[in-house]
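Please consult the sequence and the model alongside the text.

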Amino acid sequence: MPVILLVEDEAPIRDMVRFALSRAGMEMLDAGDVPQAEQILATRRPDLILLDWMLPEESGMELLRRLRRDEDRKDIPVIMLTAMAEEEQKVRGLELGADDYITKPFSPPELVARIKAVLRRATGADASGQISTGALVMNTITHEVYCGDKRVELGPTEYRLLKFLLSHPGRVYSRGQLLDYVWADAYAPEERTVDVSIRRLRKALEPGGCDSLIRTVRGAGYVLSRSKDGA
Ligand code: CA
């Protein structure tokens with residue numbers, strides 16, 4: 001279930017968005033201002049942030065600027081929400097790294113469609129929902145995974161873990177980071193949980209030879225090789 005963080009000070013809009021997201025099968029975390037959003041971001045990694053521009057403490061722009069400078073959080077997609085239709089503001093938001101922009105008032109179906117489009121781009125999936133590296137291919141719509149012509153059967157945790165790694169190839173993640181990003185909802189998981197899932201994942205990928213794409217980086221964590229790095 002995609003997790004969306006909404007940063008918005010107007011309660012009626014929060015209620016409308018919460019309703020629209022729950023109908024679309026998404027979970028919403030909500031913050032009324034930037035400090036609250038920072039508090040949530042300290043422990044959760046949303047799949048996308050809906051960020052209002054005009055907020056009471058700091059503006060949404062300030063948060064966006066910080067996110068884009070932060071190594072761990074710069075990849076989180078952001079859709080700016082604003083009442084300001086001025087072209088100049090829009091250009092500024094996009095320059096700062098917003099992924100899209102919605103002008104208020106917007107309709108729930110429009111919002112959900114924009115979120116889905118940005119999420120598809122963010123995972124690196126193409127229009128058919130496919131993400132791949134080398135012989136390893138995941139379809140994020142049908143949840144099917146293939147290594148070459150071998151179908152790979154994965155449990156839900158290993159699927160989420162592989163999807164995360166496939167969406168960020170070539171980047172090393174520590175066990176702690178993977179716990180935050182992949183196991184965000186689980187109750188106090190331990191770091192060895194990650195090792196257990198990596199072992200299961202490699203075993204499932206072994207028949208087609210894709211297990212070697214997942215490399216252990218000593219003292220650092222795990223990385224999924226880009227196809228050009230060889231496997
Ligand atoms: Ca506002």
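What spacing do the donors of the calcium ion follow along the chain? They follow the spacing D-x42-D-x1-M, where donors are N, O and S atoms within 2.8 Å of the metal (3.2 Å for Na, K and Ca), and since water is not among the atoms, sites may look incomplete. The model is predicted: local features need pLDDT of at least 70, side-chain atom pairs count only at pLDDT 80 or more, and totals for chains, interfaces and linings use all residues. Residues are numbered from 1 along each chain as its sequence is written, and side-chain values use heavy atoms, leaving out hydrogens and water.

The calcium ion is coordinated by D9 (OD), D52 (OD) and M54 (O), at 2.1 to 2.3 Å. Because D9 lies in the loop between β1 (3–7) and α1 (11–23), and M54 in the loop between β3 (48–52) and α3, the pair ties together parts that are 45 residues apart in sequence. Helices (H or I, at least four residues) and strands (E, at least two) are DSSP runs, numbered from the N terminus. D9 is partly exposed at 34% relative accessibility, whereas M54, at 54%, is exposed; buried means under 20% relative accessible area, exposed over 50%, and partly exposed in between (1.4 Å probe, protein chains only).

Elsewhere, E158 belongs to helix α6 (residues 156–167). With a relative accessible area of 7%, E158 is buried. Leaving aside residues up to four places away in sequence, E158 touches S197, R200 and L201, contact meaning heavy atoms within 4.5 Å.
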